[in-house]
Amino acid sequence: MKKLNGFIRLMMVFLVATTLILSSSLAAASALDQEGAEDLDIMSIDGRLSIDLRYKPNGGGDWTNISEGESISLTATEEYVLECTVEYDTGVITKAVPINGVVLEFNGAPIDDFSIGTIENNSSETREFTFTADEGIHNILVTVSGDDGAQTGDEISFSYEGVAIIPISGITIVGDETEVVVGESLQLTAIVYPEDATNPDFTWSVENGTGEATISPEGLLQGTAVGEVTVTAAVYEVPEIFDTKSITIIPQIAEEEKGSIQIINTIESEDGEPQSGVMFNLLKDGEPLISESTDEEGIALFENLEVGIYHIEEVEVDGYYSNFDFSEGILVTAENTTIVNVVNIPYKPLRPVLEGIEVVGEGLYRACWGYKNDNDIVVDAEVSKFSGNPSGEIIIPMASEFLPGRHSNVFSTLFDGSNLVWTLKGPDGSQRTATASANSQKCKGSITFIKEIENLNEEDIVEEEFTVRLIGMNEDIYEVDFSFNNNGSIHLVPGRYYIEEILHGESQFIFLGFGGEYVNIDEDGSYYVDLQPHDELTITVINQKEKKSDPDPDPDPDPDPDPDPDPDPDPKPRPKRDPKPDPEPTPVNPEPITATIISVTGGEEEVVIDEEVPAAPTDSNVEEEVVEEETVIILDEEVPTAPLPKTGEGSPMLFYGLGLLVSALGYKLKRK
């Protein structure tokens, strides 16, 4: 009982204390109203005003949100809509709050017609502002504040860059591909113009014709049915700007319609040794397709090739070159293997040659150089590799390429007479040298002989070999062989050389003379040339094809005494000089003798050319006879070996007539 009374007393104390506290609070509120303060508005200081911004093109499109401090890119001269949403959230007190101001500033200048009035509690108000983007960078600031600053405000600042539009003026589908195998794909490519267009996007499409195909957004065309289709690339923003291309979908090539190329690679040798490890590239239309190396048997095989023309190329092999013409196309036919033989030839040496020296004077000499390239192709080598004492700059009027064959007097160098060595490293890896000194032979010149024919019969000429003999001042003899199609050349030290032609056997020609501005004739009628260092002389050897005579069924045993009605007015004598006679000739059967007969009698000159008498033992010798009123000269024309008429073998009737005339004259004188 006592405990219950204590609890009742405690509760009564709590109620009294609570009543006193509430009475004090109401008295304080009544005092604030009397002083003019806002009734309960002080609680709104916990509310918040916030801003959301977004934009889109004025003509339509999706909204894009804008964050604080963001920089966006807009197209210059285009219109955009800027949307501003202001939201008011008071938290605990429900009351409408007026907005003191929402300010929109472009580059620091306020926009007057952008305003928002009162916003209800826990609600929002939205305003839109339409503007045209200008080129360049622009700053935008949006701020909001509540009535008398009693509410917390907000602001957003951002910038945009107005970029000028560069429109697309054209589009082109590029590439030469016009076919694709059914079931396979072809990547197509298009280019827009200009290249710096603002929006270079374009779309691909395909229109089926006699064939069918599909195409991806990236331009990958897939052939699905044989025939023709049309592919279009169109500008995304301006579809009226487009380009088209016709593509043929071709059927798959059956396996039996393919062929092969087999390369057999060997080394030039007696047994044709196969060469392994040689790489060959296969090309079609100039584009490489595949590479293969030769096996131990020297074979490289390219299989499953479409019918058509291919080319091969050989990757360079150290120490070898090929004689194969890689520019030739190789035809591949269905179900056949085309065999290609490629022979690799070992490189041969490159040889420097000293042609000779010349004395320049003041202790200097000039060395004349040539070379010999034993290979059948042009090879490269370092030219100016000299050791010794060259004097002054070495001027070499040639590149590092050495032509096939022997080449003389290519360049020269000055030196002091001591050993000057030229070294050449050939493609075979060997080094060859040539040395010049004051004791070297003199520089050489060259003579080339060519053939000229006077064909009196106007008939085909049978190929024939000829020889020209040259005799130097020291009685040295040189012979040069040549023919109609192959000229003859020789290199000789400077000096005078007598020249004569040697006709072989029963030649169809006769010698007429030598032609050329360098050819001279001495007092004996012999031809000669004076060869100087570095000379490159060309001499023409003139022959005449003998004229055929009509056959005579009843030939007169006596030669025709009448001269040729059209003699050669200037017969060219055959050279007579022969310092070194040939060995004793072997006796042979009598052959026609070639001679020119010039007869002068009683002040008249008769020339008889090309008299032909059947070969037979002669009863008298052909002599050169000189009398007071008659001169007979026999020179190198063809004279038959048949019997010639003897002196005094004229007709006796002449003497009978003369005797009768004398008798008649005596009888007349006697009568007087």
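Tutor: In this predicted model, a polar contact is a pair of N or O atoms within 3.5 Å, one able to donate a hydrogen and the other to accept it.

Student: What makes the approach of Asp134 to the side chain of His138 a polar contact?

Tutor: The backbone oxygen of Asp134 lies 3.3 Å from a polar atom of the His138 side chain. The cut-off is 3.5 Å, and therefore the pair qualifies as a polar contact.

Student: Is His138 buried or exposed, and how do you know?

Tutor: His138 has a relative accessibility of 12%. Buried means under 20%, so His138 counts as buried. The residue belongs to strand 9, which spans residues 136–146. Beyond its neighbours within four places in sequence, His138 is in contact with Asn107, Phe158, Ser159 and Tyr160.

Student: What makes the link between Thr467 and Asp481 a polar contact?

Tutor: The side chains of Thr467 and Asp481 are joined at 2.6 Å. That value is within the 3.5 Å cut-off, so the term polar contact applies.

Student: Why is Thr467 called buried?

Tutor: Its relative accessible area is 2%. Since the limit for a buried residue is 20%, Thr467 is therefore classed as buried. Thr467 is placed in strand 37, residues 466–472. Leaving out residues up to four places away in sequence, Thr467 touches several residues, including Glu479, Val480, Phe482, Ile502 and His504; Asp481, its polar partner, is also among the residues it touches.

Student: Why is the pair of Cys368 and Cys443 called a disulfide?

Tutor: The sulfur atoms of Cys368 and Cys443 are 2.4 Å apart. The link of Cys368 and Cys443 is right-handed, with 90° about the S-S bond.

Student: Which parts of the chain does this pair tie together?

Tutor: Cys368 is in strand 29 (residues 364–373), whereas Cys443 is in the loop between strand 35 (431–436) and strand 36 (445–455), so the pair ties together parts 75 residues apart in sequence. Cys368 and Cys443 are both buried. Another cysteine, Cys84, has 1% relative accessibility; the limit is 20%, and Cys84 therefore counts as buried.

Student: How do you know that strand 16 and strand 17 pair?

Tutor: Strand 16 (residues 212–215) and strand 17 share four bridges and run in the antiparallel sense. Pairing needs at least two bridges, so these strands meet the condition. In this pairing, Ile215 stands opposite Leu221. Strand 16 and strand 17 also form a hairpin with four residues between them, and Gly219 in the turn has a positive phi of about 90°.

Student: What makes strand 13 and strand 17 a pair?

Tutor: Three bridges join strand 13 (residues 185–187) to strand 17 (residues 220–225). The requirement is at least two, and the antiparallel strands therefore count as paired. Leu186 stands opposite Leu221 of strand 17.

Student: Is Glu335 buried or exposed, and how do you know?

Tutor: Glu335 has a relative accessible area of 60%. Exposed means over 50%, so Glu335 is classed as exposed.

Student: Where does Pro194 lie, and what is the peptide bond from Tyr193 to Pro194?

Tutor: The bond from Tyr193 to Pro194 is cis, with omega near -5°. Pro194 lies in the loop between strand 14 (189–193) and strand 15 (202–208).

Student: What is the predictor's confidence over the chain?

Tutor: The mean pLDDT is 74, and 68% of the residues reach 70 or more. The value stays under 50 over residues 15–46, for which the model has eleven contacts beyond four places in sequence. It also stays under 50 over residues 563–649, which have 120 such contacts.

Student: How many helices and strands does the protein chain have?

Tutor: The chain has two helices and 47 strands. Of its 672 residues, 32% count as buried.

Terms used: Residues are numbered from 1 along each chain as its sequence is written. This is a predicted model: local features need pLDDT of at least 70, side-chain atom pairs count only at pLDDT 80 or more; totals for chains, interfaces and linings use all residues. Side-chain values use heavy atoms; hydrogens and water are left out. A disulfide is a pair of cysteine sulfur atoms within 2.5 Å. Buried means under 20% relative accessible area, exposed over 50%, partly exposed in between (1.4 Å probe, protein chains only). Contact means heavy atoms within 4.5 Å. pLDDT is the predictor's confidence in each residue, from 0 to 100.
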